[in-house]
Amino acid sequence: MISIIVTAHNHEKYIIKCLNSILRNDKDLLNEIIVINDSSNDQTEKKIKNLLKTYKKIKYLCVNYSKPSKSKNLGVKISNSKWIIFVDGDDFIKKNFLHKYLKSIKEDVDFTYSNIFKYYTKNHFIFENQKRNKFIKYLNNPVGGGCLIKKKIWHKLKGIDENLVYQDDYDFWLKIHLEKKMTIKYLDYTGYFYRKHTNNRSTNFFRKYTTKIILLFKFFIKKLCQNF
């Protein structure tokens with residue numbers, strides 16, 4: 001029913017915790033785990049292959065894209081489910097995570113997102129309410145990991161823009177809001193742990209927010225054109 005796509009890059013310290021957290025979820029809802037190992041030069045591959053021997057639901061690919069966006073698009077392309085969820089290789093989820101999204105699946109919602117914990121250490125994590133409404137929904141997207149997306153919607157929007165180095169999730173979020181017939185649901189639940197460390201791509205604040213301003217400007221131009 002659901003394909004979980006895990007993108008990993010030099011995540012040898014975290015990938016086992018990530019995959020084990022997914023495997024603890026409802027086996028009837030979890031159709032497959034597609035792991036895309038992109039350009040790792042540590043022991044990430046070895047860690048993943050140790051799990052492949054035991055769990056047949058894990059499908060593994062090693063690529064040299066150096067682009068999480070391209071890895072995600074590939075994962076969706078080869079997936080075999082109606083529904084998609086992304087989990088970064090350094091993040092992890094609660095064991096009831098998939099079950100919490102079951103109502104959205106039954107209601108045939110196009111895109112569902114929920115809250116997150118920003119995870120620093122085992123004893124230091126911070127709750128973040130990701131509810132986006134009114135005008136603020138255009139200014140800040142929920143974290144891309146942990147969102148439930150209908151696969152046909154991903155294809156309709158042509159996936160993530162692979163030309164973007166930063167803000168690719170934000171760009172996809174804006175594309176969703178350009179679609180008039182799109183059912184977006186906020187789920188008041190927190191089951192995704194978004195790991196914060198020095199290797200996060202989002203640490204380059206200047207380039208990140210410059211890109212965001214450009215994308216927002218382009219979005220409002222398209223929005224205005226829709227009204228004429």
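This is a predicted model: local features need pLDDT of at least 70, side-chain atom pairs count only at pLDDT 80 or more; totals for chains, interfaces and linings use all residues.
**Exercise 1. Helix H7**

Determine how far H7 is enclosed, and find what packs against its buried residues.

Step 1. Locate the helix. H7 covers residues 168–178.

Step 2. Count the buried positions. Nine of the 11 residues of H7 are buried, so the helix is largely enclosed by the rest of the structure.

Step 3. Name them. The buried set is Asp 168, Tyr 170, Asp 171, Phe 172, Trp 173, Leu 174, Ile 176, His 177 and Leu 178.

Step 4. Find the packing partners. Four helices or strands with their ranges are helix H3 (68–78), strand E8 (148–150), helix H6 (151–156) and strand E9 (184–195), which are among the elements that pack against these buried residues. E6 and helix H8 (205–226) also pack there.

**Exercise 2. Salt bridges between separate parts of the chain**

Work through the pairs of Glu 107, Asp 108 and Glu 128.

Step 1. Start with the total. The whole structure holds nine salt bridges.

Step 2. Pair Glu 107. Its partner is Lys 185, with the closest N and O atoms 3.3 Å apart. Glu 107 sits in the loop between helix H5 (102–106) and E6, and Lys 185 sits in strand E9, so named 78 residues apart in a pair that links distant parts of the chain.

Step 3. Compare the exposure of the two ends. Glu 107 is partly exposed, with a relative accessible area of 43%. Lys 185 is buried, with a value of 17%.

Step 4. Pair Asp 108. Its side chain meets that of Lys 150 in a salt bridge, 3.3 Å from N to O. Asp 108 lies in the loop between H5 and E6 and Lys 150 in strand E8, so the pair ties together parts that are 42 residues apart in sequence.

Step 5. Classify both. Asp 108 is partly exposed at 35% relative accessibility. Lys 150 is buried at 3%.

Step 6. Widen the view. Lys 82, Asp 108, Asp 110 and Lys 150 are linked in a network of salt bridges.

Step 7. Pair Glu 128. Glu 128 bonds with Lys 118 in a salt bridge, the closest N and O atoms being 3.0 Å apart. Glu 128 is in strand E7 and Lys 118 in strand E6, 10 residues apart. Lys 118 is partly exposed, at 26% relative accessible area.

**Exercise 3. Surface patches**

Identify the members of the positive patch and of the nonpolar patch.

Step 1. Take the charged one. Lys 17, Arg 24, Lys 95 and Lys 122 form a positive surface patch.

Step 2. Lys 122 is in the loop between strand E6 (111–121) and strand E7 (124–128). Lys 122 is exposed, with a relative accessible area of 69%.

Step 3. Take the nonpolar one. Phe 135, Ile 136 and Leu 139 form this patch, with about 270 Å² of accessible area together.

Step 4. At 34% relative accessibility, Leu 139 counts as partly exposed.

**Exercise 4. Helix H1 and His 11**

Find the cover of H1 and the contacts of His 11.

Step 1. List the buried residues of H1 (residues 15–23). They are Ile 15, Cys 18, Leu 19, Ser 21, Ile 22 and Leu 23.

Step 2. Find the cover. It includes strand E1 (2–8), strand E2 (30–38), helix H2 (44–52) and strand E3 (58–63). Strands E4 (83–88) and E5 (92–93) also contribute.

Step 3. At 11% relative accessibility, His 11 counts as buried.

Step 4. List its contacts beyond four places in sequence. His 11 touches Asp 42, Thr 44, Gly 89 and Asp 90.

Terms used: Residues are numbered from 1 along each chain as its sequence is written. Side-chain values use heavy atoms; hydrogens and water are left out. Patches are made of residues with over 30% relative accessible area and no salt bridge: like charges are joined within 9 Å, nonpolar side chains (Val, Leu, Ile, Met, Phe, Trp, Tyr) within 5 Å. Accessible areas come from the Shrake-Rupley method with a 1.4 Å probe; for residues, only the protein chains shown count as cover. A salt bridge is a side-chain nitrogen of Lys or Arg within 4 Å of a carboxyl oxygen of Asp or Glu. Lys and Arg count as positive and Asp and Glu as negative; His and the chain ends are not counted. The place of a charge is taken as NZ of Lys, CZ of Arg, CG of Asp or CD of Glu. Helices (H or I, at least four residues) and strands (E, at least two) are DSSP runs, numbered from the N terminus. Buried means under 20% relative accessible area, exposed over 50%, partly exposed in between (1.4 Å probe, protein chains only). Contact means heavy atoms within 4.5 Å.
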